[in-house]
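Morning, everyone. I'll keep this short. Have a look at the model first, then we'll go through it.

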Amino acid sequence: MQQTKQDPVVRKIVVVNAEQEHAFAVFTNNMGQWWPKEHHIGGSPMVAVVVEPRNGGRWYEKDEDGSECDWGTVLVYDPPRKVVFSWHLNGDFEFVPDRARASEVEVRFISEHPGTTKVELEHRHFERHGESGDRLRTEVDKPGGWSYVLEGYGKLMTARDLGQ
Amino acid sequence: MANYPQSLIALADPTRLAVFERLGQGPAAVHEIAKGLPVSRPAVSQHLRVLKDANLVFDRQIGNRRIYQLNPAGIESIRAYFDQFWGDALESFKSFVENREPKKPIPSNATNKTRSSRPKNRRRKR
């Protein structure tokens, strides 16, 4: 598991004892079976997480009562190497369709040795959840909002690093 | 999602987001923030309090003015939440995928069952 301190990005690495194809297939086709159960948004218990196997596919949970709740979109579906999702849930657990307000999760599957796959996950742009779509489109170059926060965050982390 | 970070919850409200973005232009007092928004000053104060509790803004007393500004550390709570979440999720994925490996000969260490999911080599550094 690793992460850089400069960017507000989450990076995780896990090495699994499984072939690349299998690791990719389980990650995408069986997501509901390994996804932490308490982390879902529907009102009734979650029975599955569906990743539609194509670029532009839906990413959603299915619940016991038959309802479906969208989480995001499959931006890149490239078996068995890579899958990228957009994550559209805001703080009210609502699905916000605007891509400009969604963060991104990229997962890469790298075959290391026979029977071993390195899974690298990167969750980025989560500052977009706090960005109004209009503002992002019209004022993207102006200092303010998250760009200001991120700049300060970067400085803070750098200062902390230097201080140690 | 369980325990979504307070900072994301705070920003889900459009007025609060507007207050937050106003502070992105620079530190300001309550009445200055309220000027550009269709809500009362007490309402702005209320929103500022939520943003403050979520660690997204902080305030300082300068003379007789209370000035609010963005807290650069605010985003850390969001990052920390996802960091923890993906750590748990990938550990769960690892133990699931390793128990679901199709019947293929594993080249080496075939007798080593990878059933236990708790890593032993976890050391705490101080």
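Which residues of H1(A) and H5(B) meet? From H1(A), the list is A:His22, A:Ala23, A:Val26 and A:Phe27. From H5(B), they meet B:Phe93, B:Phe96 and B:Val97. By class, that contact has six nonpolar residues, one polar and no charged ones. Bear in mind that this is a predicted model.

Now the geometry. The crossing is right-handed.

Next, chain A as a whole. Chain A has four helices and seven strands. Along the sequence, the pattern reads β-α-α-β-β-β-β-β-β-α-α. Chain A has 164 residues, and 30% of them count as buried. Take the contacts in chain A between residues at least 6 apart in sequence: 35% of these join residues at least 24 apart.

Over to chain B and its sheet. Three strands form an open sheet in the order E1-E3-E2, with antiparallel pairing. E1 (28-29) and E2 (57-62) each have a single partner strand, so one side of each has no neighbour in the sheet. E1(B) pairs with E3(B), residues 65-70, over two bridges. In one of the bridges, B:Ala29 has B:Ile67 as its partner.

Two helices to finish. H2 of chain B, residues 14-23, packs on the sheet and touches E1, E2 and E3. Its direction makes about 95° with that of E3(B). H4 of chain B, residues 41-53, also packs on the sheet, touching E2 and E3. The direction of H4 makes about 115° with that of E2(B).

How values were computed. Residues are numbered from 1 along each chain as its sequence is written. Chains are lettered from A and ligands numbered from 1 in the order in which they are written. This is a predicted model: local features need pLDDT of at least 70, side-chain atom pairs count only at pLDDT 80 or more; totals for chains, interfaces and linings use all residues. A crossing is left-handed if the near helix is turned anticlockwise from the far one by less than a right angle, and right-handed if clockwise. Two residues are in contact if their C-beta atoms, placed from the backbone, lie within 7 Å. Ala, Val, Leu, Ile, Met, Phe, Trp, Tyr, Cys and Pro count as nonpolar, Asp, Glu, Lys and Arg as charged, and the others, Gly among them, as polar. A residue is buried if 20 or more other C-beta atoms lie within 10 Å of its own, exposed if 12 or fewer, and partly exposed in between; C-beta atoms are placed from the backbone. Two strands pair if DSSP finds at least two bridges between them. Axes are lines fitted to C-alpha atoms, for helices over the stretch in contact, and angles run from 0 to 180 degrees between N-to-C directions.
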